[in-house]
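Good morning, everyone, and thank you for making time for this. Please bring up the sequence and the model, and keep both in view while I talk.

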Amino acid sequence: MTPLLHPDFEIIESPALPFSGHYQGLEGLKALGRTLVANYSRFQATPQSYYEGSDGVVARVTLSAIVRDGGRSFDTEIAECFGFTDGLIREIRPFYWDARLLQPKV
């Protein structure tokens, strides 16, 4: 994925999530991955469809996960908005259908 990332790449996660924040560059992407592995024993995102706009793409994604603390499983949907600069992914901004499901305890 690295050749697809813009030098100013970032993932912006909602303040409503336990892993909220701005994850910048490849190191930020790796840090987010480590956070997800630490909090979920499964975190499987499966793209279902894509919608192209003038300056980006939205991916409709199903998410199946298991929270490590307690083993609660859930399924939900995400819309991931990809912004591009110079043909490279500049930003990913996910929107979760039900962000409460991602909390350690619901």
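This is a predicted model: local features need pLDDT of at least 70, side-chain atom pairs count only at pLDDT 80 or more; totals for chains, interfaces and linings use all residues.

Let me begin with a word I shall need: when I say that two residues touch, or are in contact, I mean that they have heavy atoms within 4.5 Å of each other. With that in hand, take Val-67, which has its place in strand 4 and which touches Asn-39, Tyr-40, Arg-72, Phe-74, Leu-101, Gln-103 and Pro-104, if we leave out residues up to four places away in sequence. The relative accessible area of Val-67 is 2%, and a residue counts as buried under 20%, so Val-67 is buried. One of the residues it touches is Leu-101, and although Val-67 and Leu-101 are 34 residues apart along the chain, their C-alpha atoms are separated by 9.3 Å.

Let us walk across, starting with strand 1, residues 5-13, which pairs with strand 2 in the antiparallel sense over four bridges. Within that pairing, Glu-10 has Gln-24 as its bridge partner in strand 2, and Ile-12 has His-22. Strand 1 also pairs with strand 6, but here the sense is parallel, over three bridges, and Leu-5 stands opposite Ile-89 of strand 6. Seven of the nine residues of strand 1 are buried, so this strand is largely enclosed by the rest of the structure.

Leaving out residues up to four places away in sequence, His-6 touches Thr-85, Asp-86, Leu-88, Ile-89 and Arg-90.

Asp-86, then, is a contact of His-6, and Asp-86 is found in the loop between strand 5 and strand 6. These two strands form a hairpin with two residues between them, and the phi of Asp-86 is near 55°, a positive value in a residue other than glycine. With 71% relative accessibility, Asp-86 counts as exposed.

On its other pairing, strand 5, residues 73-85, runs antiparallel to strand 4, and eleven bridges join the two. They too form a hairpin, with five residues between the strands, and Gly-70 in the turn has a positive phi of about 105°. In this pairing Arg-60 stands opposite Ala-79 of strand 5. Ala-79 counts as partly exposed, at 28% relative accessibility, and it touches Val-58, Ala-59, Arg-93, Pro-94 and Phe-95, again leaving out residues up to four places away in sequence.

Finally, the largest pocket, which holds about 370 Å³ of space. There are 21 residues lining this pocket, and the closest to its centre are Ile-11, Leu-32, Phe-43, Ala-45 and Glu-80. Which elements each supply at least two residues of that lining? They are strand 1, helix 1, strand 3, strand 4, strand 5 and strand 6, and strand 3 gives the most, with five residues. By kind, the lining divides into 17 nonpolar residues, two polar and two charged.

Definitions and conventions
Residues are numbered from 1 along each chain as its sequence is written. Side-chain values use heavy atoms; hydrogens and water are left out. Two strands pair if DSSP finds at least two bridges between them. On a 1 Å grid over the protein atoms alone, a cavity is a set of points where a 1.4 Å probe fits but cannot get out, and a pocket is an open set with protein on both sides within 12 Å along at least five of seven lines; lining residues have an atom within 4 Å of a point. Grid points are joined across faces, edges and corners, and a volume is the space filled by probe spheres set on the points. Ala, Val, Leu, Ile, Met, Phe, Trp, Tyr, Cys and Pro count as nonpolar, Asp, Glu, Lys and Arg as charged, and the others, Gly among them, as polar. Buried means under 20% relative accessible area, exposed over 50%, partly exposed in between (1.4 Å probe, protein chains only).
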